[in-house]
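Hi everyone, thanks for making time this morning. Let me put the model up, and then I'll walk you through a loop, a helix and the ligand site.

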Amino acid sequence: MERRTHPQSTLFVLFGAAGDLSWRLIVPALYRLYIDKHLPDRFHLIGVDRMPLGPEELARHYAEKLAESGEDIEKDERWAGFCRSLGYISGDLKDPAVYRQLRTLMQAREQEWRESCQQVYYMATPPFLFADIASNLGRAQLHRDRKRARIVVEKPLGRDLASFQAINRALTEYFHENQIYRIDHFLGKETVQNILALRFANSIFEPIWDRRYVDHVAITVAETLGVEHRGSYYDHAGALRDMVQNHLMQLLCLVAMEPPAVYDADDIRNRKMDVMHALRPIPPEQVAQRAVRGQYGAGWINGCRVPAYREEPGVAPDSDTETYAALKLYVDNWRWQDVPFYLRTGKRMAADVSEISIRFRPVPHRAFPAAGSEDTHPVALTLRIQPEESIVLHFFVKEPGSRARLRRVRMDFNYLDAFKVATPTAYETLLRDVIAGDASLFMRADQVEASWRLLMPVLDTWSDTKPTDFPNYAAGSGGPEAANILTAVDGHSWLTAF
Ligand code: BG6
């Protein structure tokens, strides 16, 4: 699935260069790409931020993060080489003068290199700045080369349908859709990309990948982490906006989509859009039956006492924000009619588990004698995204020595064991794709919009009705009881017990 050719010379402009996202994820990923020789030979990273810093101070700030992994980065020749490509402009991101300065700097680089370069504009800033940055880039004529100028944005892309549309209008005023790269970092994860390979590079799965054989699908993204230092952002978002609207919907699309004709950005995204179109709406009167919310109280994680959500820094003491969300969805099309897709995600759960479990129908007639309780679980294929990246098939065999007693066993494929190399981080994959101009792993506007549209009745109903039972799950538990009922009424369970 290697889709890249040698990347063209690139001017990479990082808005919000002194901020947390740049420090934690973007610059470390760019540095890894540099070490692995995946960056173009001519690459210039231009940080832009309010902080009055010089490039040396900025480099020292980045080095602190990289040193966390035990590297003696300051003495590393490669780090020195990477830092030579680093420039910095300090100024207000709303000020047009900053963009004139940027243009001058970019032109100087192009003159020095005697070539026109690609331009990547990465907005590692709070979303309220997206519109200002995009229109300033436009007014400075920095957007004009449709093939070579790209803008990268990251969630939160709005907090509802209307605010997403407003952000999108601002981006598209100057930039064309194919210049806009909307990051969902889950799509950069190796196992997530592997869903398509598993389904469409093997002939054995596709014939059983439909309502005739699949009983239901369960998607879980559970984290032991709480909201850490992000309380003030999270308290205005909640689990549905933070995780379901983007990451879990993307996973659902990859599981449910039809095969693309070619492995190409538009074809893949069209097939995902077909899924979004087919999702059965959740009218307000069905929200109670098809959606569950939860908030964690105090509890224990890995032997440590952790506070309740309402006691976290930045969170209102009477907050009604959900830290857990579960949904029951249906894809109303020929392939999936009436197969439930259960989605759940939560903070401060008992374990870090991200996985997609495809449960197959029971055999039509069971000739074997009734087996132990364990055997009531179905045959299932589990695609594990975290913590370890693996694919596991659960199926039945005869227990040794017994006449006909069955036992459920597992057949495992583990990425690390098979390939013996660490997989690239999601940001390495996605940044490499941005530089290569490959948008397959990025979200198109229509898909983001369709996801907001689907979830709006749930968001509205939840904001109109105060939860009376919050906190309704203890930190370190498996989430609220109502989520178990969501599946149990259909005779199913989440299977992954915490
Ligand atoms: C982010 C959410 O998008 O994804 C976080 O904002 C969440 O709340 C994170 O913790 C999970 O991503 P990962 O890659 O750590 O599993």
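Let's begin with Leu93, which lies in the loop between β3 and α4; helices here are DSSP runs of H or I with at least four residues, strands are runs of E with at least two, and both are numbered from the N terminus. Before I go further, this is a predicted model, where local features need pLDDT of at least 70, side-chain atom pairs count only at pLDDT 80 or more, and totals for chains, interfaces and linings use all residues. Residues are numbered from 1 along each chain as its sequence is written, and side-chain values use heavy atoms, with hydrogens and water left out.

So, is Leu93 buried or exposed? Leu93 is buried, at a relative accessible area of 5%, where buried means under 20%, exposed over 50% and partly exposed in between, using a 1.4 Å probe and protein chains only. Setting aside neighbours within four places in sequence, the contacts of Leu93 (heavy atoms within 4.5 Å) include Phe15, Val48, Tyr99, Ile133 and Asn136.

Asp92 sits in that loop too, between β3 (86–90) and α4 (96–113). Asp92 is partly exposed, with a relative accessible area of 35%. Its side chain reaches the backbone nitrogen of Lys94 at 2.9 Å, and, not counting residues up to four places away in sequence, Asp92 touches Arg50 and Val98. UniProt, in an unreviewed entry, places the feature "binding site" at Arg50, Asp92, Leu93 and Lys155; such annotations may be inferred rather than shown by experiment.

Now the ligand. Lys155, from the UniProt list, is one of the residues surrounding the ligand, along with Phe186, Glu223, Asp242 and others; that shell takes residues with a heavy atom within 4 Å. Which helix gives the most to the shell? That is α9, residues 239–256, with three residues.

Taken alone, the ligand exposes 390 Å², and the protein buries 77% of that, by the Shrake-Rupley method with a 1.4 Å probe.

Key:
A polar contact is a pair of N or O atoms within 3.5 Å; within protein, one must be able to donate a hydrogen and the other to accept it, and residues adjacent in sequence count only if both atoms are side-chain atoms.
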